[in-house]
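The following questions and answers examine one protein chain. Please consult the sequence and the model while reading.

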Amino acid sequence: MFSNMGNVIFSIIWLLILIFIAFWIAGLAAGVYILILPFTVCIEPLTGLTDFLLSVVQFPKYCAQAMVEGKGFN
């Protein structure tokens, strides 16, 4: 009867993470990403940094997907 209760609780936790953490971190990372991206043409080692920043920008998508699926933190 209560087998999905953990999924609901995890979904609420993921929603809170999405609203209070993921959007803000992704917004800051997007600004830095936009500023650094043009310089990767001249400075090749910045490509690793921009790849990392792009994955941080996609963090809200990961949170939303985990929220919909009711995944835990494993």
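Helices are DSSP runs of type H or I with at least four residues, numbered from the N terminus. The model discussed here is predicted.

Q: In which helix is methionine 67 found?
A: Helices are numbered from the N terminus. On that numbering, methionine 67 is found in helix H3.

Q: Is methionine 67 buried, partly exposed or exposed?
A: A residue is buried under 20% relative accessible area and exposed over 50%. Methionine 67 has a relative accessible area of 21%. Because this value falls between the two cut-offs, methionine 67 is classed as partly exposed.

Q: Which residues does methionine 67 touch, not counting those up to four places away in sequence?
A: Contact requires heavy atoms within 4.5 Å. With residues up to four places away in sequence not counted, methionine 67 touches Ser11, Trp14 and Leu15.

Q: How many Å apart in space are methionine 67 and phenylalanine 23, C-alpha to C-alpha?
A: In sequence, methionine 67 and phenylalanine 23 are 44 residues apart. In space, their C-alpha to C-alpha distance is 14 Å.

Q: Is serine 11 buried or exposed?
A: Serine 11 is found in helix H1, residues 5-36. Apart from residues up to four places away in sequence, serine 11 touches Met67 and Gly70. Its relative accessibility is 18%. The cut-off for burial is under 20%, so serine 11 counts as buried.

Q: Which residues of helix H3 are buried, and how are they arranged around its axis?
A: Helix H3 spans residues 59-69, and its buried residues are Pro60, Cys63 and Ala66. Seen down the axis of H3, these buried residues fall within an arc of 125 degrees, so they line one face of the helix. An α-helix has 3.6 residues a turn, so residues three or four places apart point the same way. The buried residues on that one face are Pro60, Cys63 and Ala66.

Q: Which residues are exposed on the other side of H3?
A: Exposed residues have over 50% relative accessible area. On the other side of H3, the exposed residues are Lys61 and Val68.

Q: What is the phi of the glycine that follows H3?
A: H3 is followed by glycine 70. The phi of glycine 70 is positive, near 70 degrees.

Q: Which residues are in contact with threonine 50, leaving aside its neighbours within four places in sequence?
A: Threonine 50 has its place in helix H2, residues 46-57. With a relative accessible area of 3%, threonine 50 is buried. Its side chain reaches the backbone oxygen of threonine 47 at 2.9 Å. Leaving aside neighbours within four places in sequence, the residues in contact with threonine 50 are Tyr33, Ile36, Leu37 and Thr40.

Q: How far apart are the end C-alpha atoms of the residues that UniProt lists as "transmembrane region"?
A: An unreviewed UniProt entry lists residues 12-36 under this name. Over residues 12-36 the model is 100% helix and 0% strand. The end C-alpha atoms are separated by 35 Å.

Q: What radius of gyration does the protein have?
A: The protein has three helices and zero strands, following the pattern α-α-α along the sequence. Its C-alpha atoms fill a box of roughly 60 × 20 × 15 Å along the principal axes. A compact globule of 74 residues would have a radius of gyration near 11 Å, whereas the protein has 16 Å.

Definitions and conventions
Residues numbered from 1 in each chain as written. Predicted model: local features only at pLDDT ≥ 70, side-chain atom pairs only at ≥ 80, totals over all residues. Heavy atoms only, no water. Helix = DSSP H or I, 4+ residues; strand = E, 2+ residues; numbered from the N terminus. Buried < 20%, exposed > 50% of the residue type's maximum accessible area, 1.4 Å probe, protein only. Polar contact = N/O pair within 3.5 Å; in protein donor to acceptor, adjacent residues only side chain to side chain. UniProt positions renumbered as here; feature names shortened; annotations may be inferred. Arc of directions from axis to C-beta. Rg over C-alpha atoms; globule rule 2.2 N^0.38 Å.
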